[in-house]
Amino acid sequence: RLHPERLDVLHERASTWFEQHGDVALAIEHAARMNEGTRAAMLLDRHALAVLARSEMVTLKRWLRLVPEPYRQPWPTLLLSVGWIRALGERTPELEALFDAARLAVDAGPPGYDDGRREATRAEIETLRAYHARFCGRFEEALQTGARLLQTVPQDATALRGRVLFNQGRAHMMVGEVAEAAALLQRSIDCNLRAGTHYLVLTGLAQQAAVLLETDGVPRARHVLEAAVRLAEDQRLTRLPAFSIVLFHLGHVLVIADELDDALPLLQSARALGAAGDMPDGRANAIVAMARVHAARGEFDAAEALLLEAETLARTANLGLLDGDIDVPRRRHALYAADAGLAALPLANRPGRDDGSGWTLLDEAHDVCDLLEALRRPGDAAREAAAAAIERIVRECEWRGRHQAACIAHVAAA
């Protein structure tokens, strides 16, 4: 109080000391108390990707609030962290201005950015672009961007290659190419283990289990997920927000195995951890799976309330749910209700589909629902509708290894 002009000097010294001793949070807090915000922005630029590698979105958001006007900062990795927040948390379709700002910041060559770091940061920008394309449903663009990165990113850049490989695997999953997805996910898991990117190891194992569920069935998928749980427990990773993805997929597998009592606590934990860690996609998918549990038990009011919660969250965060969109679980819920002698619930409008655009998970989910509904109705028209759905599902799913849907179609044909 006697020498206010010395406060900036003291905060800068404290910030430097805490950074040198590994406490980045206190380093940023002291930097944020300085009258000019340059050091806080520089610290975030230096450490933001490490925070993202731990999937600590809440922490990163809190730190970004300490930086004045983060969009106007000349630090490329700081701008990238803003982009990751918007892409992962909001699924915003508008990021081109931010990509341009990050590229200009790299070209300007801020302090500490030698030629090697500038090149690595350009690759980071393209990686975010590939993820953003996948989030927005532009799968071909995501795959092409990722393929270019895998050709140019050095083999020893394991952390970056691990992120790119994971996104490639997820994009192949979304277009139904599960064999290619399985290979890419395994490569991503290997890379991320070497790099210590634990959240992508856990998420990669969860997605690998989703592929195995389609190709090999419940036992193999369950084995991988239970191994992921043991890994998280051994490495003390169970509080990572990304662990919610493992819990959701294990709960989803148990729902399919009709082990509803064991599935529900896992899905509830996934929902809570996803909410605490600001991971709306894991949270929303867990809520949909919880609705399936309640519907299977005949608790239709609880199921409908959960579907409404998931739909609200999905629209708020621009999410694409695991089942494709909210219409699919809602239609499945209506079938449950009809079996119980209740009036079918109102269905959301089904989006149009362009058959020339390629086969997607959403197409498959809708066609399986069409098939199940056609089988319930009497008459020649219903049989013709069922036959058409069977032919399409078998044709599009068998060669892609999507055996669950193909099995449903073959049983329906019999």
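In which helix is the place of L375?

Author: The place of L375 is in helix α18, which covers residues 361-376; helices (H or I, at least four residues) and strands (E, at least two) are DSSP runs, numbered from the N terminus. Before going further, please note that this is a predicted model, in which local features need pLDDT of at least 70 and side-chain atom pairs count only at pLDDT 80 or more, while totals for chains, interfaces and linings use all residues. Residues are numbered from 1 along each chain as its sequence is written, and side-chain values use heavy atoms, with hydrogens and water left out.

L375 is partly exposed, with a relative accessible area of 45%; here buried means under 20% relative accessible area, exposed means over 50%, and partly exposed lies in between (1.4 Å probe, protein chains only). Together with L372 and I408, L375 forms a nonpolar patch on the surface, and the three residues have about 230 Å² of accessible area together. A patch is made of residues with over 30% relative accessible area and no salt bridge, where nonpolar side chains (Val, Leu, Ile, Met, Phe, Trp, Tyr) are joined within 5 Å and like charges within 9 Å. L375 passes the area part of that rule because its relative accessible area is 45% and the rule asks for over 30%. The areas themselves come from the Shrake-Rupley method with a 1.4 Å probe, and for residues only the protein chains shown count as cover.

The chain has 20 helices and zero strands, and buried residues make up 52% of its 414 residues. Contact means heavy atoms within 4.5 Å, and of the contacts in the chain with a separation of 6 or more, residues 24 or more positions apart account for 59%.

S188 is found in helix α10 (residues 178-195), and S188 is counted as buried because its relative accessible area is 0%. If residues up to four places away in sequence are not counted, S188 touches G162, L165 and F166.

Charged side chains come next, since the patch rule excludes residues with a salt bridge, a term that stands for a side-chain nitrogen of Lys or Arg within 4 Å of a carboxyl oxygen of Asp or Glu. By this rule the count comes to 16 salt bridges. One of them joins the side chains of R220 and D216, at 2.9 Å from N to O; R220 is partly exposed at 41% relative accessible area, and D216 is also partly exposed, at 41%.

Another salt bridge is formed by E259 and R222, with the closest N and O atoms 2.9 Å apart. This pair links distant parts of the chain, 37 residues apart, since E259 lies in the loop between α13 (243-256) and α14 (260-276), and R222 lies in helix α12 (residues 218-234). E259 is partly exposed at 26% relative accessibility, and R222 is partly exposed at 24%.

D261 forms a salt bridge with R297, the closest N and O atoms being 2.7 Å apart. This pair, too, links distant parts of the chain, with D261 in helix α14 and R297 in the loop between α15 (280-296) and α16 (300-316), 36 residues apart. D261 counts as exposed at 59% relative accessibility, whereas R297 is partly exposed at 34%. Elsewhere, E96, E126 and R129 are linked in a network of salt bridges.

Most residues other than glycine have a negative phi. R236, although not a glycine, has a positive phi of about 55 degrees; R236 sits in the loop between α12 and α13 and is exposed, with a relative accessible area of 76%. D258, also not a glycine, has a positive phi of about 65 degrees; D258 is found in the loop between α13 and α14, and counts as exposed at 58% relative accessibility.
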